[in-house]
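Have a look at the model first, then try each task before reading its solution.

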Amino acid sequence: MNRIGLALGGGAVLGAAHIGVLKAIEEKGVEIKFITGTSIGAFVAALYAFGKDWNEINDITSELKWMDISSISLSRYSLLSNEKFGALLVEHIGDKKIEESMIPLAIIATDAVSGEKVILKKGSVAQAVMASTCIPGIFKPVVIDDKMLIDGGIVENVPINTLKKLGASYIIGVDLNANHNYQKPGNILDVLLNSFHFIMQQAAKLQTEDADLLIKPDLSSFDRTDTTQIEELMKKGYEDTIKILGEIDFNKKECWVVEIFNTIRHKLGI
């Protein structure tokens, strides 16, 4: 198999589980040829697409605090700005453009005016990730090509359909919200995040149906905003993923059949 694609979904701090998923994928020797990401999944996908392995990404995120990636915003549209998020990417991969990535990359955002999905495949990586992670009401919208963009989780939280359009013929999706219990909100941030993720959780059930392999780590015991859990989230993402991958031989005939079938479907537009 040589056209395997990986779609990383959103989920705030739960996104640290993506690092464990990548660790398991690397250990299994699965070569990712295409990658897409939404929200926190876009941040991890961007780092991976530009050559950072799971260990390097873990180092980058392990010391993060909420205020490390946000700052007070004077905008009438939000409480905070996530410009520091973009600066963090520039610090670690440089001021790169999406089309310069080592692995073909697409990042999902939402047009705040029309509500339409915006697929970012060109232009500043940092700006694209800032747009994709722009939780409505919390972070200031990002303007790209005269479009006001907000979090891509509104339209495609696990960007599987986008991954197919990118050229992947075997789809691995990672849904961080499928197995999650919500706690009683403790503050306004929890209320906003819970409300936002209720929407994403319902939409993702339909979006993930076309995945050839769907990874759904059990993150029910974790909080979405507590950055002290990053190491535990990474470990849980790894443990749940390695169990699934351990049951699959990507060189088996069955996997090749799936890939060939999906390639035919893609060319026929069905």
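**Exercise 1: two packed helices**

Helix 2 and helix 4 (residues 83-93) pack at an angle of about 10°, with their axes 11 Å apart. Axes here are lines fitted to C-alpha atoms over the stretch in contact, with angles from 0 to 180 degrees between N-to-C directions. Helices are DSSP runs of H or I, at least four residues, numbered from the N terminus. A quick note on the source: this is a predicted model, where local features need pLDDT of at least 70 and side-chain atom pairs count only at pLDDT 80 or more, while totals for chains, interfaces and linings use all residues. Residues are numbered from 1 along each chain, and side-chain values use heavy atoms, without hydrogens and water.

Task: work out which residues of helix 2 meet helix 4.

Solution. Step one: look for contacts (heavy atoms within 4.5 Å). Step two: on helix 2 you'll find Ile-40, Phe-43, Ala-46 and Leu-47, facing Phe-85, Leu-88, Leu-89, His-92 and Ile-93 in helix 4.

**Exercise 2: buried or exposed?**

Task: explain why helix 2 is largely enclosed by the rest of the structure.

Solution. Step one: buried means under 20% relative accessible area, exposed over 50%, partly exposed in between (1.4 Å probe, protein chains only). Step two: ten of the ten residues of helix 2 (residues 40-49) are buried, so the rest of the structure largely encloses this helix. Among them are Gly-41, Val-44 and Tyr-48. Step three: just past the helix, Gly-51 has a positive phi of about 95°.
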